[in-house]
Amino acid sequence: AGEDCRSVALPAISAGIFGYPLGDAARVIAATVVAWVREHPDLDQIHLVGFDPAAAAAFESGLAAAAP
């Protein structure tokens with residue numbers, strides 16, 4: 001905040017070694033990002049970071065559900 005940042009990266013925190021369900025994490029992250037961007041459209045880039053192809057697919061599915 002206050003740093004004039006233009007991008008942010010968000011990992012699927014706890015969906016790896018801590019065992020939180022990846023699909024649930026991706027849906028929550030995607031829905032939160034979509035809602036936040038609608039209120040704050042000033043970022044240039046948001047990166048949803050996955051640790052493998054399954055995480056990337058989960059984020060893709062979460063985004064499709066959050067922003068049809």
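Which residue forms a salt bridge with Asp24, and how far apart are the closest N and O atoms?

Guide: Arg27 is the partner, with the closest N and O atoms 2.3 Å apart. Before going on, a caveat: this is a predicted model, where local features need pLDDT of at least 70 and side-chain atom pairs count only at pLDDT 80 or more, while totals for chains, interfaces and linings use all residues. Residues are numbered from 1 along each chain as its sequence is written, and side-chain values use heavy atoms, leaving out hydrogens and water.

A salt bridge here means a side-chain nitrogen of Lys or Arg within 4 Å of a carboxyl oxygen of Asp or Glu. Asp24 and Arg27 sit 3 residues apart in helix α1, so about one helical turn separates them. Helices are DSSP runs (H or I, at least four residues), as are strands (E, at least two), numbered from the N terminus. Asp24 is partly exposed at 33% relative accessible area, and Arg27 is partly exposed too, at 45%; buried would be under 20% and exposed over 50%, with partly exposed in between (1.4 Å probe, protein chains only).

The rule gives 2 salt bridges. Arg6 and Asp44 also pair up, at 3.1 Å from N to O. This pair links distant parts of the chain, 38 residues apart: Arg6 lies in the segment before β1 (7-11), and Asp44 in the loop between α1 (22-39) and β2 (45-49). Arg6 counts as partly exposed at 40% relative accessibility, whereas Asp44 is exposed at 56%.
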